[in-house]
Amino acid sequence: MPDANSQNGRQEQKIYKLVDDQGKVVAELPLLHPTLGFDVVDTRKLFQTANITTFDPSYGSTASCRSSISYVDGDNGVLLYRGYPIEELAEKSTFLEVAYLLLFGELPTQSELDKFVHEITMHTMVHEQIANFFSGFRRDAHPMAILLGVVGALSAFYPDSIDVHDPQQRLISIYRLIAKMPTISAMAHKYSLGQPFIYPRNNLEYSANFLHMMFAVPAEEYKVNPIFAKAMNTLFIVQADHEQNASTSTVRGVGSSHANPFASIAAGIASLWGPLHGGANEAVLRMLLDIGTKDRIPEVIARAKDKNDPFRLFGFGHRVYKNYDPRARVMKRVYEEVLSELGVSNDPLFDLARELEKVALNDEYFISHKLYPNVDFYSGVIMRALGIPMTMFTAIFAIARTPGWLAQWKEMIEDPDQRIARPRQLYTGAPRRSYVDVKHRVSQNGAAAGKQIKAEVHET
Ligand code: ACO
């Protein structure tokens, strides 16, 4: 096996030379070879040696860190966690086993797994005082707004575990975050319904416990459906990590200043919320409900292709996948299992999703742009079938992504080369100039300066 843990990736003495238009070598840049994927030009010394920086605003051509956690082969639709294909893990593993794998690099033995599960299970409850936060929110508050607020606030409850330099404290924070994310998310759901919070049940496994906290009420006996718990387990697994995506990069960026892990994960939650990222699952369902019937598909496809229309087909496209997202394939299978358990032979919304996928995959625009369904295309319809309201979809994604965020955060803190994330910029503003007294200023802003921005205030 290649040395996946080597500090720089496999390194040969191959050098890229940056040559200016006069043929002068401006910089010599070593070429790094990952264990999988494309070679990487090491530009770390570029500024020091040549006073030149690189320009890559959305990091499309930039490796922002070394990582040995997950790997995406976008051309071939492959996703690996620590080398294991997502399809195998989704079929055979449990979410906490996958969390262990992401965090510690290897699948656990039975005793390692038992210990890990015990540690997580022993931290599922939240401080009673945390319940008070919820009453400060409106009942219709979006669960993601609550989640990011409450997770950030956890740092105030666990000052004993926010020293990022102490490996033991890092570990306990990791246990706490993985354990409490389902509890806080389910509390957000219960709050919106006006139902009492349901305490975690430590005799239930992770996914079943989450469903219990979501759907049980104190007045009734609630039995978790094992097929639904299995579906939730798979949903959690496929969303657990995904290289240096927007929210993971956010967690690393915030964590790089040595902010505490609760603050770093709250930042990841905020980033995940956007409809271009984890918020797409909610956006997909809203889009499908809005489309309503198959006869409206051509109209929607036309809008998605129209450059003058900001509308995009949610659940389609990906920065890295230029092929079918393997997670979407797993999701489709899980959905069929859930439908069969529900005894439903025909779900109009799933049919609509499948037809939309079929039309898009045969459309020249989607073919030439290599736009395929991503994980969010089917995850929403599954969660809906499980009885989960739309506004909870992204919160559930956040629960799933927490072990990945934490594994990446841990890897970053433990990297001896770690420094604060501090990109350079391509400055396009005014050059240095002198202050002019207000009486002598001539407007330089033209029409823009004359426009008054009208703030609309809604108070209810
Ligand atoms: N519908 C229509 N056109 C699209 C779509 C889409 N869903 N996605 C990309 N395109 C087009 C763009 O208009 C652009 O076309 P052009 O080259 O002719 O101008 C081209 O494909 C490339 O798109 P970019 O926006 O440059 O690709 P980028 O890698 O920056 O964006 C993203 C990726 C954000 C996922 C994008 O595909 C998108 O907005 N998808 C819809 C939202 C979505 O499903 N997000 C979930 C992603 S998965 C996840 O985060 C869990």
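Two notes on reading it. Residues are numbered from 1 along each chain as its sequence is written. Because the model is predicted, local features need pLDDT of at least 70 and side-chain atom pairs count only at pLDDT 80 or more, while totals for chains, interfaces and linings use all residues.

I start with the whole chain. The protein has 19 helices and six strands; these are DSSP runs numbered from the N terminus, with helices being H or I of at least four residues and strands E of at least two. The radius of gyration of the protein, taken over C-alpha atoms, is 24 Å, close to the 23 Å that the globule rule gives for 460 residues, so the protein is as compact as a globular protein of that length. That rule is 2.2 Å times the number of residues to the power 0.38. Along its principal axes the C-alpha trace spans about 75 × 55 × 55 Å.

Next, the domains. The assignment, automatic or from a database, gives domain 1 (14–73) and domain 2 (86–423). Their C-alpha centres lie 33 Å apart. Eight residues of domain 1 are in contact with 13 residues of domain 2, contact meaning C-beta atoms, placed from the backbone, within 7 Å.

Now the interior. Buried residues make up 38% of the 460; a residue is buried if 20 or more other C-beta atoms lie within 10 Å of its own, exposed if 12 or fewer, and partly exposed in between. Leaving aside neighbours within four places in sequence, Ile-269 is in contact with Met-144, Leu-147, Leu-148, Val-151 and Ala-398.

Last, the ligand. Which residues are the closest to the ligand? Out of 18 that surround it, they are Ala-280, Arg-312, Phe-316, Gly-317 and Arg-319; a residue counts as near if its C-beta atom, placed from the backbone, lies within 6 Å.

Key. Two residues are in contact if their C-beta atoms, placed from the backbone, lie within 7 Å.
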